[in-house]
Amino acid sequence: MTDAIVFLGIQGSGKGTQAGLLAQRMCFQHINIGDLLRQEVSIGSAVGDAVGHIIERGDLVKDTIVFDMIDTSVEPGCKGIIFDGFPRTLSQAEHLVEHYNLIQVYYLELSEEDAIHRIEGRLVCTNCGENYHTQHKPPSVPGICDICGSALATRADDEPEAIAKRVKAFYERTFILKSFFEKRDSITSIPACKSVEEIQELILEDISKR
Ligand SMILES: [Zn+2]
């Protein structure tokens, strides 16, 4: 069975950054399910057409589609996989432990309040797509992109009502997943408020014990 490491964490927790760093370090393949799905939508594949409206509503894509997508994206000779955005349901978690050698799940823990705060401040350049944050990564001139000088905007899915709904759904889902992995003693929680380097250190230290 292929080795697997899982990252759980809400948007803004830095989960994607950590997953990417660890994948490089361990020569594992980084599989981000959200990115894969959005790719399918943008190229207009059959899968993309089927899931486009589901993603737009913020609902979950069917398990079978997710499993197929993972299977087809695994590269030949893959040493191991870092999962990002998977599993999202209990049945996906069961599939994971049945089909992969799970090394550990890392949960980047952020309070609901901090999560909302981090998402709310996000800005994106309307031209080049560069990301900013009103507090954590402000542009040198308010509202203007440092790179191309175009106007910055709030992301469409970052309207307060949409954020609140997404955050609530995340914590409900994650509570179930956390209990599942806690029972198997295969989850480590790490405070997401630490720096990128500190978090990566803690993860590497923990992996060396597995
Ligand atoms: Zn720009």
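Reply: **The parallel sheet**

Strand E1 (residues 3-9) and strand E4 (residues 101-109) run parallel and are joined by seven bridges. Two strands count as paired if DSSP finds at least two bridges between them. Strands (E, at least two residues) and helices (H or I, at least four) are DSSP runs, numbered from the N terminus. The model is predicted: local features need pLDDT of at least 70, side-chain atom pairs count only at pLDDT 80 or more, and totals for chains, interfaces and linings use all residues. Residue numbers start from 1 along each chain as its sequence is written.

Asp3 stands opposite Asn101 in E4. E4 also pairs with E8, again in the parallel sense, over five bridges. There, Tyr106 has Thr188 of E8 as its bridge partner.

Ile31 has its bridge partner, Phe83, in E3.

Phe83 also belongs to the largest nonpolar core, which has 36 residues. Ala4, Val6, Phe7, Ile82, Phe83, Tyr106 and Leu108 touch the most other members. A nonpolar core is a set of buried Ala, Val, Leu, Ile, Met, Phe, Trp, Tyr and Cys residues joined through C-beta atoms within 7 Å. Buried means that 20 or more other C-beta atoms lie within 10 Å of the residue's own, with C-beta atoms placed from the backbone; 12 or fewer is exposed, and in between is partly exposed.

Now Leu108. Beyond its neighbours within four places in sequence, Leu108 is in contact with Phe7, Gly9, Ser13, Gly14, Lys15, Gln18, Ile190 and Ala192. Contact means C-beta atoms, placed from the backbone, within 7 Å.

Gln18 leads on to the helices. Thr17, Gln18, Leu21 and Leu22 in H1 meet Val196, Ile199, Gln200 and Ile203 in H8. Helix H1 (residues 15-26) packs on helix H8 (residues 196-208) at about 55°, with axes 10 Å apart. H1 and H8 are therefore oblique to each other. Oblique is what remains after under 35 degrees (roughly parallel), over 145 (roughly antiparallel) and 65 to 115 (roughly perpendicular).

Technical notes. Contact = placed C-beta atoms within 7 Å. Axes fitted to C-alpha atoms, helices over the stretch in contact; angles between N-to-C directions.
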